[in-house]
Amino acid sequence: MPVLVVYASKHGATREIAERIAQTIAAAGQQAQARPVTAAGDLNSYDAVVVGSAVYMGHWQKEATEFIRRNRAVLAGHPVWLFSSGPLGTEPVDAQGQDLTVAAEPKEIAELTAAIHPRGHRVFFGALDPGRLGLGERAIRKLPAARAIMPEGDFRDWAQIEAWARGIAADPALGTGSADRTGTDS
Ligand SMILES: Cc1cc2nc3c(=O)[nH]c(=O)nc-3n(C[C@H](O)[C@H](O)[C@H](O)COP(=O)(O)O)c2cc1C
């Protein structure tokens, strides 16, 4: 099995991105599977690993960070790609004019990059459905500072996500693939 896509998702948006990445890699001819980071299994069975997490309050989900720290040695020996699902809204820049995908980079990424040297890290826009939020999250959304940066809606750019996944499938580290290795089990 060449590619494992693991994810940490609180409300489902990141899980769906991970599943789309696995499906896109499979459609490009490389077998791929998406799983929660807590059910990753034996990483040595995979040629490459993609790790993704939702971003909350500037941080990756704890289980995703801990997964990388715990598996640091084996991940450092594999081709690894990271992604984050975070910013919301239709504006590409924040109030200071900074690219939101840069401004939203989670605080852990520098440490994780130094630990396992991933081939890349990409921040994707996410999605927010108020109906799925807990009481604490609803309270945070009501704060004046949060209101503008936490609009309701689905801001995921599927074309961008699929293009990134095709780049992974085409990476020489994965070999050539073949039609009989396609399929997902997500
Ligand atoms: C309480 C709360 C805090 C958030 N904090 C951030 C943040 O600091 N940075 C960011 O880019 N996105 C933030 N978001 C947006 C989420 O990361 C985004 O909605 C993500 O796609 C959710 O993924 P999930 O459904 O897999 O949990 C926040 C959302 C909520 C509700």
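Which strand gives the most to the shell around the ligand? The answer is β3, with three residues. The model is a predicted one, in which local features need pLDDT of at least 70 and side-chain atom pairs count only at pLDDT 80 or more, while totals for chains, interfaces and linings use all residues. Residues are numbered from 1 along each chain as its sequence is written, and side-chain values use heavy atoms, with hydrogens and water left out.

Around the ligand are 22 residues, and the closest are Ser 9, Thr 14, Val 55, Tyr 56 and Gly 58; a residue is counted if one of its heavy atoms lies within 4 Å. At least two residues of this shell come from each of α1, β3 (48-56) and β7 (127-128). Helices (H or I, at least four residues) and strands (E, at least two) are DSSP runs, numbered from the N terminus.

A polar backbone atom of Gly 58 is 2.7 Å from an oxygen atom of the ligand. For Ala 127, a backbone N or O atom lies 2.8 Å from a ligand oxygen, and for Gly 86 the distance from such an atom to a nitrogen atom of the ligand is 3.2 Å. Of the 650 Å² of accessible area that the ligand has on its own, the protein covers 91%. Accessible areas come from the Shrake-Rupley method with a 1.4 Å probe.

Charged side chains come next. Side chains of opposite charge can pair when their charged atoms come close. Eight salt bridges are found in the whole structure, each being a side-chain nitrogen of Lys or Arg within 4 Å of a carboxyl oxygen of Asp or Glu. One of them joins Glu 162 to Arg 20, with the closest N and O atoms 2.7 Å apart. This pair links distant parts of the chain, as Glu 162 is in helix α8 (residues 158-169) and Arg 20 is in helix α1 (residues 13-27), 142 residues apart. Glu 162 is partly exposed at 24% relative accessible area, and Arg 20 is partly exposed at 25%. On this scale buried means under 20%, exposed means over 50%, and partly exposed lies in between (1.4 Å probe, protein chains only).

Another salt bridge is formed by Arg 156 and Asp 154, at 2.7 Å from N to O. Arg 156 is buried at 13%, whereas Asp 154 is partly exposed at 44%.

Phe 155 lies in the loop between β8 (153-154) and α8. Phe 155 counts as buried, at 17% relative accessibility.

Finally, Gln 33 is in strand β2 (residues 32-36). Is Gln 33 buried or exposed? Gln 33 is buried, with a relative accessible area of 6%.

Note on methods
Polar contact = N/O pair within 3.5 Å; in protein donor to acceptor, adjacent residues only side chain to side chain.
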